[in-house]
Amino acid sequence: SGVMETSNDQSIVGVQNYLEKAAQNLKPIVPIKFHISSRTDTGVHALCNSAHLDIERAPGKPAFNEKQLIYSLNYHLKPEPIRILNAYRVTNSFHARFSALSRTYIYRLLIGCTHYSEIPVFERDLCWAPVGSYLNVPAMQDAAQFLLGTHDFSTFRSLNSETPFQSPVRTILQVDIQPSSGFLSQHYEHRRLEFWELKFRSRSFLYRQVRRMVGALVAVGQGKLTPHHIKELLEIKDSRAFPPNAMAPPSGLFLKSVEY
């Protein structure tokens, strides 16, 4: 249901709610707040997100070391598909969101399905299989070059409450499109399914920017757009100019890492 906390009256619960509920079992004096680096949406996955938190223990109690913190939080998160991978002590000036140098996302595509029922059941909700069994990957790679560098990405963002306060200018440091392996795919090679990964790295991204960039690149792969159309969309600088229904679904998107 997304990473950000939700209020008590909502039926969906964010990852942050689960983290803070687990942290309360550490019996801090002051309620623990997680400040999360990257705000992944509902349906998006994270191989590795990051957050910072302050813990104040009762007088006379020693500070937690990193191993204790990892073990204790994971013990209380056990029923959920959420895991603490590492913990580090940081300075007071560190901020998980604003201290990040870059973020890397990958988007998983499955090519070769003519119908959604052909998606392997173990890959359900973990990739996107666009309609049609073929994508022109070289054309997509040509189109991706237009996204590299510093641009006004107004056309490639969805509007939300933060839009009026955010600059639409972002710098894309890396765009790669590479073949990939699926989960257990060596056992169904005869089905001729191909997995591809699109990798994007930037200091930060606009709301749904990666999903819009992926959707536009897939439209190029399907022949609905030419590589040069990507350049034209950038130059228009208007979110309403983005092709209708072209945004990639959240299921194939993974936050891979946050770099400091």
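Biologist: Is Tyr105 buried or exposed?

Modeller: Buried means under 20% relative accessible area, exposed over 50%, and partly exposed in between, with a 1.4 Å probe and protein chains only. Tyr105 has a relative accessible area of 9%, so it is buried. Please note that this is a predicted model, in which local features need pLDDT of at least 70 and side-chain atom pairs count only at pLDDT 80 or more, while totals for chains, interfaces and linings use all residues. Residues are numbered from 1 along each chain as its sequence is written, and side-chain values use heavy atoms, with hydrogens and water left out.

Biologist: For which annotation does UniProt list Tyr105?

Modeller: UniProt positions follow the numbering used here, with shortened feature names, and annotations may be inferred rather than shown by experiment. The unreviewed entry lists Tyr105 under "binding site". Tyr105 is placed in strand S4; strands (E, at least two residues) and helices (H or I, at least four) are DSSP runs, numbered from the N terminus.

Biologist: With which residues is Tyr105 in contact?

Modeller: A contact means heavy atoms within 4.5 Å. Leaving aside neighbours within four places in sequence, the partners of Tyr105 include Ser38, Thr40, Phe200, Phe205, Val210 and Phe254.

Biologist: Where is Asp41 placed?

Modeller: Asp41 is in the loop between strand S1 (35-36) and strand S2 (45-46). The unreviewed UniProt entry annotates Asp41 as "active site". Beyond neighbours within four places in sequence, Asp41 is in contact with Gly2, Tyr207, Arg208 and Arg211.

Biologist: What is the phi of Arg208?

Modeller: Most residues other than glycine have a negative phi. Arg208 has a positive value, near 60°. Its place is in the loop between S7 and H4, and at 30% relative accessibility Arg208 counts as partly exposed. Arg192 also has a positive phi, near 55°. Arg192 is in the loop between strand S6 (169-180) and strand S7 (194-202), and its 70% relative accessibility makes it exposed. A further positive phi, near 55°, is that of Lys237, which follows H5.

Biologist: Which residues of helix H5 are buried?

Modeller: In helix H5 (residues 227-236), the buried residues are Ile230, Leu233 and Leu234. To see how they are arranged, one takes the arc of the directions from the helix axis to the C-beta atoms. These residues cover an arc of only 100° around the axis, so they are on the same side of H5. They pack against helix H3 (137-144), strand S5 (149-152) and helix H4 (209-221).

Biologist: How many disulfides does a search of the whole structure find?

Modeller: A disulfide is a pair of cysteine sulfur atoms within 2.5 Å. The search finds 0 disulfides. Cys113 is in none, and the nearest cysteine sulfur, that of Cys127, is 7.5 Å away. Cys113 is buried at 3% relative accessibility, and Cys127 is buried with a relative accessible area of 7%.

Biologist: How far apart are Pro130 and Cys113 in space?

Modeller: Their C-alpha atoms are 7.9 Å apart, although Pro130 and Cys113 are separated by 17 residues in sequence. Pro130 lies in the loop between strand S4 (102-111) and H3, and is buried, with a relative accessible area of 4%. Leaving aside neighbours within four places in sequence, its contacts include Leu109, Leu110, Cys113 and Val218.

Biologist: What volume does the largest pocket have?

Modeller: On a 1 Å grid over the protein atoms alone, a pocket is an open set of points with protein on both sides within 12 Å along at least five of seven lines, and lining residues have an atom within 4 Å of a point. Points are joined across faces, edges and corners, and the volume is the space filled by probe spheres set on them. The largest pocket has a volume of about 1,600 Å³. It is lined by 49 residues, of which Phe34, Asn49, Ser50, Ala51 and Ile84 are the closest to its centre. The elements giving two or more residues to the lining are helix H1 (15-24), S2, strand S3 (51-52), helix H2 (66-77) and strand S8 (253-259).

Biologist: How many helices and strands does the chain have?

Modeller: The chain has 5 helices and 8 strands, in the order α-β-β-β-α-β-α-β-β-β-α-α-β from the N terminus. Of its 260 residues, 43% are buried. Among contacts between residues at least 6 apart in sequence, 68% join residues at least 24 apart.

Methods. 1 Å grid on protein atoms, 1.4 Å probe; cavity = no way out; pocket = protein on both sides within 12 Å on 5 of 7 lines; lining within 4 Å.
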